[in-house]
Structures are given as structure tokens and as C-alpha cells.
Amino acid sequence: MALRRYATHKKAKKIINDIYDNNNHCLIIHYSCESFYEIVDGKTPRITSIAVRFLHTAQTKSFSIHKVAELKRVPFNEISERYDELEKEMLKEFFEFVKLHKDYKWIHWNMRDINFGFEAINYRASILGARPIEINDENKFDLARILIDKYGKNYASHPRLPSILEVNGISSLHWLNGENEATCFNNKDFVKLHQSTLAKVDVFENILKLSAEENLRTKSTWKDIYGFSIQGIYEMIKENWLFSVILFIIATITAFYIQKLFN
């Protein structure tokens with residue numbers, strides 16, 4: 001079990017390093033939608049905005065209801081009654097982008113199922129009559145799960161995202177939690193939702209960068225990260241310079257006294 005923990009940590013660390021070191025074809029994605037907790041008729045949540053950031057350049061491409069409405073000269077007070085039409089146009093634009101970048105690595109946070117995820121976006125497009133473009137599962141990387149694999153499940157308090165932002169002092173300006181996003185949707189505050197979506201791809205990039213540089217502060221113990229095994233302890237010493245220095249000093253002192261004893 002301890003060896004498995006170390007192997008899981010090592011694999012997750014490699015994934016993060018590979019993404020960060022080869023970032024030319026990496027994208028960070030997030031989206032905002034109607035609260036799926038408040039839907040009682042079984043319909044999929046309506047999508048309000050999608051943000052995609054190029055990891056290499058930090059340039060962000062965004063797709064949103066209010067931008068489509070502005071381009072089509074739809075008055076703000078008519079957005080709700082024409083929502084399906086505007087959402088369909090927004091998703092068509094998004095999938096045109098996907099078509100050109102489907103072979104990229106797509107980094108996301110918990111976008112895993114029909115409630116919230118790539119499948120939910122695809123299904124929503126199909127319902128509205130837009131043609132979804134599939135992204136292969138091997139090109140999707142869930143940063144939320146990768147961090148658990150790297151640092152252990154205790155790396156941050158629940159809910160983990162706001163907790164890890166606070167611990168690392170990452171600015172969360174315009175960032176909204178799920179409850180506040182639902183309130184904004186109900187209040188038709190689509191601009192705030194869009195700003196929150198943009199803010200989240202920004203903080204995900206910050207988290208990824210700190211983790212790749214081994215500067216992400218967590219609540220994990222060394223046992224949470226490496227597991228209690230000879231290999232895990234060795235890797236912990238190897239990855240932490242302070243432990244390496246201490247071990248070197250101990251080894252040097254031990255060698256000195258052994259030599260002195262036999263002389």
C-alpha cells in the first residue's frame with residue numbers, strides 16, 4: 001500500500017512536470033452554468049460562459065452568452081427569452097475552437113460527468129442542435145484529481161479549491177463559489193459569471209505553476225505524499241534539499257568517527 005502511494009505520487013508529479021515543461025499545446029478550460037442542484041425537471045444546466053487559456057502564452061479565449069447577445073444586438077432584457085438561441089450560437093463558436101485544438105492537452109478542474117464536464121457541454125450542444133466535437137479522454141487532465149494523487153487527499157481542507165488559494169495567497173478577485181454563481185445566474189448577472197470563469201482559469205494556472213516548481217503550500221505530511229516505505233523515505237530525502245544536507249552531515253560525522261575509531 002505504501003509503495004502504491006509513492007507510485008501514485010511519482011506518476012502525478014510526472015504529469016504536472018510534462019504539462020508545464022511542454023506547454024505549447026496545453027489549454028486550461030473552465031465554464032459556468034446554471035446550478036444543477038436547483039434543476040428539478042431533469043434538464044441539463046444551461047451554460048453561460050466558457051474560458052480557455054493557452055498555457056504557453058496566457059492568452060485566453062472566451063465564449064459567453066452576453067457577448068453573443070451583444071454581437072447579435074439582442075437587448076439585455078431579451079436574453080432570457082432568447083437564451084437557447086444565444087447559447088446554441090455560443091456553443092457553435094466554442095466547438096469551432098475545439099475542432100482546431102482537439103489534440104491539445106485540456107487541463108480542467110472536476111469537469112468529469114454529465115452534471116458538470118465535457119460530457120455536459122456536448123450534451124447541451126446536442127439538445128440545442130449544435131454539433132459537438134469530441135475531445136479524446138487521454139487529452140483531458142483533471143488538475144483536482146492530479147493534486148490529490150501528488151499530495152494525498154489531505155492536502156487541503158474542504159472545499160479544496162478556496163482552501164488551497166487561501167493557503168498560497170493566490171488572488172481570487174472575481175472568483176465566485178458555486179452558490180454565488182447560482183445566485184448570479186438567477187439574477188441574470190451574466191457578466192459576473194463570465195468574470196468568475198476567467199478568474200478560475202487564471203488561478204488554475206497559478207496552482208499548476210506552483211506545483212510544477214514545487215512551491216505549492218499544502219497541509220500534507222510527508223507520509224501523505226510519499227507513503228511510509230523505504231522508497232518513499234528515500235524520495236522524500238532526495239526531493240528536499242534540507243533533508244539531503246542533514247543526511248550528508250550525519251553521514252560525514254559518522255564516517256569521521258568510524259575512521260577515528262579504527263585509527
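I114 is partly exposed, with a relative accessible area of 32%. In this predicted model, I114 sits in the loop between β4 (105–108) and α4 (118–128). Together with Y123 and I127, I114 makes up a nonpolar surface patch with about 270 Å² of accessible area.

Now for the open space. The largest pocket has a volume of about 840 Å³ and a lining of 30 residues, with F36, W109, N110, G178 and K200 nearest its centre. At least two lining residues come from each of β1 (26–33), α5 (143–151), α6 (160–168), α7 (178–186) and α8 (190–212); α7 has the largest share, at 4 residues.

There are also 2 cavities of 30 Å³ or more. The largest cavity is lined by F94, F95, F118, I121, N122, I133, E134, I135 and K140. Two or more of these residues come from each of α3 (83–101) and α4, and α4 gives the most, with 3 residues. As for the second largest cavity, Y31, C33, T44, P45, I47, N115, A120 and I121 line it, with β1 and α4 each giving two or more residues.

Here's how the spaces line up:

| Space | Volume | Lining by class |
|---|---|---|
| Largest pocket | about 840 Å³ | 16 nonpolar, 6 polar, 8 charged residues |
| Largest cavity | about 40 Å³ | 6 nonpolar, 1 polar, 2 charged residues |
| Second largest cavity | about 30 Å³ | 6 nonpolar, 2 polar, no charged residues |

How values were computed:
Residues numbered from 1 in each chain as written. Predicted model: local features only at pLDDT ≥ 70, side-chain atom pairs only at ≥ 80, totals over all residues. Heavy atoms only, no water. 1 Å grid on protein atoms, 1.4 Å probe; cavity = no way out; pocket = protein on both sides within 12 Å on 5 of 7 lines; lining within 4 Å. Points joined across faces, edges and corners; volume = space filled by probe spheres on them. Nonpolar A, V, L, I, M, F, W, Y, C, P; charged D, E, K, R; others polar. Patch = residues over 30% accessible without salt bridge, like charges linked within 9 Å, V, L, I, M, F, W, Y side chains within 5 Å. Areas by Shrake-Rupley, 256 points an atom, 1.4 Å probe, with all protein chains shown as cover. Salt bridge = Lys/Arg side-chain N within 4 Å of Asp/Glu carboxyl O. Buried < 20%, exposed > 50% of the residue type's maximum accessible area, 1.4 Å probe, protein only.
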